[in-house]
Amino acid sequence: MKREIPLFVCVVSALAMIIAYYSPKLDWMDDMLQKWFLIIAVFAFILGAISIILVNGNRISKQVPGWGYNVVLLIGLFVTLGLGIFGGIDPKTPFFYIFTYIFTPLSATMFSLLAFFIASAAFRAFKAKTWEATLLLIAAFIVMLGRVPLGELMWSWLPVLKHYSLNNLVENWIMGCFNTAGQRAILLGASVGLISISLKILLGIERPYMGGE
Amino acid sequence: MLEKLANLDRRIIFLFVGLAVLIPIIFPLGLPNAVSQPVQNIYDFVETIPEGSLVFISFDYGPSTKIECEPMALAVTKQLFRRNIKVVGWALWPEGASMARNVFDVTGKEYNKKYGVDYINLGYKAGGSITIKEIGEDIRSTFPQDVDNISIDKYSVMDGVKNYKNFKLGVSVSAGVPGLREYIVVANSIFGVPIAGGCTAVSAPEMYPYLNSKQMVGLMGGLKGAAEYETLMNYVGDASKGMDAQSIAHLLIVLFVIMSNIIFFMQKKK
Amino acid sequence: MLNRLLVLIIFAFWAMPAWAQEAAEETAKDVRWFNPDRLPNVIGVLLIGFFVFWYIIHAQSGKKLFIRRIAGLNAIDEAVGRATEMGKSVMYITGLADVDDIQTLASLSILGHVAKKTAEYESNLLVPCCRSVVMTTAQEVCKEAYLRAGRPENFKRENVRYLTDDQFGFVAGVDGIMVREKPAANFYMGTFYAESLILAETGNATGAIQIAGTASSSQLPFFVAACDYTLIGEELYAASAYLSGEPKQVGSLKGQDVGKALILAAIIISTIIITFFPQTHEFIKNTIFKS
């Protein structure tokens, strides 16, 4: 039964959703199942919270190296949760201040790391090792400089090329033509793979949701 | 020496990038921005929408990507308000509701627009694609209340609004999923509402197939897209100011790549 | 078995809440049983599905099918082996999406294989998760893998843990683990967004061998630049078949290839029609693809 029930639920819901996609009359089945998933997913947050408390609590009690971070995490969790529940989340509440003055700058900091990492990855990996890599490198230079005003200015200094539009080269040729073709190839290949894996899940050949196989 | 340069400490690279971003912010260069066609298309489309019509904006980004996405949302909202078009905002990301609040506070004041009459913030709704589909069936059951938990029936901007048919255009400013792609797949493909959008520069290449197949009106890609929109709107906002820093940073990365290739070829020769 | 199924069906219908019926009445305004606009879609899916299904049956007959070598998947054993030699952990990230994303399911399949290897080599496996449902599933996948490897006692449930649903909060958490515990092998399989490079570069800085796999096309360049091996798009979906080598799974890959050949043929024919026969193109557009 431990194997049959999940498989049954998977097959029935998958078939219901496939049928609903093609049949407007049975569209309600799709809505219903999606709503069920949403409800279950909300309850899953409790699972997450329990996991955080157990794992971090355990590390604090054992005083493993770096347990101070676990203390900070648990304090952050309970303080934010408590303030949100008891003080509300509207502007000028303590929760709002935490969101605006702690969470927002911290998130922005993490995102801005991307600029630094792009530079270090480019320095290390972008090498003209082959003919194809050289072509990619030239295209990357044109796009990088073509996407900023300084690049447009530098283009206007070039003797012959300045008569051709850099914007046209970047937007219509590199991005609109070559990039789109590559994106579509990956998208189509991935979509066929998706159909195949979905079919395998539907037939019960692949059951990752049941602990592999 | 060559070996040392080839394995340059990443912290030195980080230092240069930091300076390349910081110096142009302190001493702006004021470089002009050329407008690309995908951005021009959004601007032109908005110009054709009659006054008093409704447009929705979905704020699908959070604080982390605010710096890149907010200038796009601000520029589009300003154009909509300038043309006296009513705006309904909502969010598919939890933090999106407060992002919408920021944008409406700034633009509403600037164009003297009244909350509930000229614009409304419906807040956040979980569900991604499911929510987008639900709005197409009945927006009132999806968002019975606005962001402050007040019934939407009390606001004149929502009078007679039922689903996507009431909107002349949908704009999704997104930093990931759910976002622009989901609006194209569901709101445009199933319900036929024209969709325009803005996304982070990292995700922009992924959107070009949809742009090419005309499933979207236009696209603002990253800070550059926002800066172009600001140029069209004739003002210098955060995006335009940021373009100087981005220009120098891009140039620096190109120089780093050239340097690493010179080292690579010299090592190969040796 | 049949009785059990019957009980389940009755239970499912009994448990269906009343609002579902209301929703049915409300959304059943369109009374058509089939949406003709989706005919091309259904034909395409049925055709590809048929070939996948046909090759699965064909493979079961015992005929050996060829699969091209996928370097990234061959390197899994090497990466786990290296971590064991160094006495360090292996870290596996299932991506940022929930279990309703097929990429996450494909990733969980690969996790099963990686967990089996770490169980065999007796090395430590860390699986920080961004979604709590994924965490529960991943725990089951790992537990099952350790059981199959004959080392159930080595499975540590707390190593498969939930961090946060927030994108950059998760990145901060994972980067912290990388910097503190310095895993010798990092796997990034599943759906990733802007955080991909931050994760991969941090992993690179800690000196780990890194294998990534995603169908998120805008993140592929970052993984290619910062990781040792990258599974591109469909290779992620093909991984479970490649790793298990089961005839049924391998057959599905062959079916996939035929599906791709069909799409390729359709693109070439469409290009010829659009370029040289615009009137025929208009006719097809207005009849078959009128939506």
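This is a predicted model: local features need pLDDT of at least 70, side-chain atom pairs count only at pLDDT 80 or more; totals for chains, interfaces and linings use all residues.
Local features need pLDDT of at least 70 and side-chain atom pairs count only at pLDDT 80 or more, while totals for chains, interfaces and linings use all residues. Residues are numbered from 1 along each chain as its sequence is written, and side-chain values use heavy atoms, leaving out hydrogens and water.

The largest nonpolar core holds 82 residues; such a core is a set of buried Ala, Val, Leu, Ile, Met, Phe, Trp, Tyr and Cys residues joined through side-chain atoms within 4.5 Å, with buried meaning under 20% relative accessible area and exposed over 50% (1.4 Å probe, protein chains only). W90(B) and Y229(B) touch the most other members. Helix 4 of chain B (residues 66–82) gives the most to this core, namely eight residues; helices here are DSSP runs of H or I, at least four residues long, and strands are E runs of at least two. Beyond four places in sequence, W90(B) has contacts (heavy atoms within 4.5 Å) that include F56(B), L122(B), F143(B) and Y183(B). A second, separate core has 54 residues, among them I52(A) and V90(C).

Helix 9 of chain B (residues 204–212) is largely enclosed by the rest of the structure, because seven of its nine residues are buried. These include M207(B), Y208(B) and L211(B). Part of the cover comes from helix 7 (166–203) of chain A, and also from helix 3 (37–48) and strand 5 (195–199) of chain B. Just after helix 9, K214(B) takes a positive phi of about 60°.

As for the outside, L15(B) sits in helix 2 (residues 10–26) of chain B and counts as exposed, at 55% relative accessibility.

How values were computed:
Chains are lettered from A and ligands numbered from 1 in the order in which they are written.
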